[in-house]
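Please open the model in a viewer and keep the selection tool at hand. The stops below are meant to be visited in order.

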Amino acid sequence: MKYEKSCGGVVFSRASGDVRYLIIESREGIFGFPKGHMEGNETEKETAIREIFEETGLSPDFIDGFRVEQQYPLPRKKGVTKKVVYFLAEFEEQEIIPQEKELKSARLLSYDEAIGILQFQNAKDVLTSADKFIKNNFREENMNKAESAVKKHKSGYNCAQAVLCQFADATEFTEDELYRISEAFGGGMGTGGVCGAVSAMVILAGLKKSRGKDALPQTNKAESYALARRMIEEFEKKNCTVICSRLKGEGIRSCDGCIEDAVEILEKMLKEL
């Protein structure tokens, strides 16, 4: 039996705080992972490194301990079996540059989004193996909530979004909904006023305490206000003020520092609820 061998990688990023997988789309509209034929005396990993760079412009760090091999017959080549070896690799702060001659697109997707777009079961199996490996070995190496929120901020979330989205699992809202809700609160509501990280705490106080309009005339407004005051007072103990222009302008606390403080306060107070 004859064999053709290709090597490539499941490439991912945690720059947004969540794992996102690099999915490429061929000119024929097939979604998958960067890979290609071995050349000369290349090792499997050398081929994967070269193919990933040629197809996406990325030079990711390879993760030890992950190697998946698949075999399947090539329908257009009678008697030829295809062998494909996949490694796992992570990148940060690199620009994805799809190879125009071979690819229509390259995009970062969540696991669910990627599973939904992959057409072939073998590609889905590889992705599932990679996702399980990450969860079992180091995804929860695990950045704590404050570190993850800061990473969100560095990836483009404003301070309010970075804090509020970190607590999506404590609400009935999706992260995208919380991202939209908190967008105008960043930068002290765009005026240097109340710090966006503090505003995120107050929003969450209402989400946790409010009974909603269907409970009227009963209300939990007093409890919401009380929780918000406690959060603000705790933040002021740490930083003297909640005003963005003072925090940054007077060098009291950086945006990342305010995010860390807000997340720590929320974690502490949510445990008491």
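This is a predicted model: local features need pLDDT of at least 70, side-chain atom pairs count only at pLDDT 80 or more; totals for chains, interfaces and linings use all residues.

Residues are numbered from 1 along each chain as its sequence is written, and side-chain values use heavy atoms, with hydrogens and water left out.

**Aromatic pairs**

A search of the whole structure gives five aromatic pairs. Rings of Phe, Tyr and Trp (its six-membered ring) pair if their centres lie within 6.5 Å; planes under 30 degrees apart are called stacked, over 60 edge-to-face, and the rest tilted.

Select phenylalanine 33 and tyrosine 86, an edge-to-face pair with 5.8 Å between centres and 80 degrees between planes. Phenylalanine 33 belongs to the loop between strand E3 (31-32) and strand E4 (35-37), and tyrosine 86 to strand E7 (residues 80-90), so the pair ties together parts that are 53 residues apart in sequence. Helices (H or I, at least four residues) and strands (E, at least two) are DSSP runs, numbered from the N terminus. Buried means under 20% relative accessible area, exposed over 50%, and partly exposed in between (1.4 Å probe, protein chains only).

Next, select phenylalanine 62 and phenylalanine 87: their ring centres are 6.1 Å apart and their planes at 65 degrees, so this pair too is edge-to-face. Phenylalanine 62 is in strand E5 (residues 61-62) and phenylalanine 87 in strand E7, 25 residues apart. Phenylalanine 62 counts as buried at 18% relative accessibility, and phenylalanine 87 is buried at 8%.

**Nonpolar cores**

A nonpolar core is a set of buried Ala, Val, Leu, Ile, Met, Phe, Trp, Tyr and Cys residues joined through side-chain atoms within 4.5 Å. Select Val163, Met201, Met231, Phe235 and Ile259, which touch the most other members of the largest such core, a set of 35 residues. Helices that each supply at least two residues to this core include H4 (145-155), H5 (159-165) and H8 (196-209). Helix H11 gives the most, with eight residues. Another core, of 22 residues, lies apart from this one and has Phe33, Ala114, Leu118 and Val126 among its members.

**A residue in helix H1**

Threonine 47 is in helix H1 (residues 44-56). Threonine 47 is buried, its relative accessible area being 0%. Which side chain does threonine 47 join through a polar contact of 2.7 Å? The partner is glutamate 42. A polar contact is a pair of N or O atoms within 3.5 Å; within protein, one must be able to donate a hydrogen and the other to accept it, and residues adjacent in sequence count only if both atoms are side-chain atoms.

**Two positive phi angles**

Most residues other than glycine have a negative phi. Select glutamate 93, whose phi is positive at about 50 degrees although it is not a glycine. Glutamate 93 lies in the loop between E7 and strand E8 (103-109) and counts as exposed at 78% relative accessibility.

Finally, select methionine 189 in helix H7 (residues 186-192). The phi of methionine 189 is positive, near 60 degrees, and methionine 189 is partly exposed, with a relative accessible area of 44%.
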